[in-house]
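Let's take a walk through this structure together.

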Amino acid sequence: TTERYAYIPSLGVCVLAALILQNHLILYAFVLGVAIMRTWAHIPTFDDEIKFYQSNIWNYPKSEVAYGNLGVSFLRLGYAGTALDAWQIATRLNPEYDVPYYNIYSHYKSNGMLRVQHGDYIAAIDLFKMALPYLEKAVSCKICHFKDMWVKELEQVRSWIANPVTFIDEEEKRLKELKVSLEKMMSEAK
């Protein structure tokens, strides 16, 4: 929200109001009371990020950014299904905004990589297949924040799906190199 930008200028407005209302104490008390009540009513918004982004959605129900941020907050708390729902709403509000598509893609890709780590390669490839359309859509959006990077990632995921054996070989090689590196670090730390 823009409240953070309005905070310092609002101090000036308060000083100006105090100067104007200094001879009208009852009116001054009323204005001050309304401001205190509004502040008090707004404080729970900042209890946690879910309430904060829900407040944004109540104030800006057509904001794809608010829904996208709410989705990230839900995912951070472990509510993946709710996060996906929020991102889907964001994509419907603005089909040309790339971030919710990329968030959905990242969710499926991350779960696919987790499956790889557990040796469930078929499930991993299925998750990559589920992820791919979302990355394709993110790259094709009018607003695309990291197009060059995401196009490379799109090519990489397509190659994993087209040739899973090569992907598995590359991943096993990467994990072996990581293991050697970690073992070296551990022996040096002793």
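**From charged pairs to the core**

Glu-136 is partly exposed, with 30% relative accessible area; here buried means under 20%, exposed over 50%, and partly exposed in between, using a 1.4 Å probe and protein chains only. Its partner is Arg-158, and the closest N and O atoms of this salt bridge are 3.0 Å apart. Because Arg-158 sits in helix α8 and Glu-136 in helix α7, the pair ties together parts that are 22 residues apart in sequence. Arg-158 is also partly exposed, at 39%.

Before going on, please keep in mind that this is a predicted model: local features need pLDDT of at least 70, side-chain atom pairs count only at pLDDT 80 or more, and totals for chains, interfaces and linings use all residues. Residues are numbered from 1 along each chain as its sequence is written, and side-chain values use heavy atoms, leaving out hydrogens and water.

A salt bridge here is a side-chain nitrogen of Lys or Arg within 4 Å of a carboxyl oxygen of Asp or Glu, and by this rule there are 5 of them. One of them joins Lys-137 to Glu-96, at 3.7 Å from N to O. Lys-137 belongs to helix α7 and Glu-96 to the loop between α5 and α6, so this bridge links parts that are 41 residues apart in sequence. Lys-137 is partly exposed at 26%, and Glu-96 is partly exposed at 23%.

Lys-109 and Glu-153 form another salt bridge, at 3.3 Å from N to O. With Lys-109 in helix α6 and Glu-153 in helix α8, the pair ties together parts that are 44 residues apart in sequence. Lys-109 is buried, at 19%, and Glu-153 is buried too, at 12%.

Now for the nonpolar side chains. A nonpolar core is a set of buried Ala, Val, Leu, Ile, Met, Phe, Trp, Tyr and Cys residues joined through side-chain atoms within 4.5 Å. The largest one here has 36 residues, and those with the most contacts inside it are Phe-128, Leu-135, Trp-150, Val-157 and Phe-167. Among the elements that give two or more residues to this core are α6 (98–117), α7 (121–140) and α8 (147–162); helices are DSSP runs of H or I with at least four residues, numbered from the N terminus. Helix α7 gives the most, with 9 residues.

Which residues does Val-157 touch, leaving aside its neighbours within four places in sequence? They are Tyr-105, Phe-128 and Leu-132, where contact means heavy atoms within 4.5 Å.
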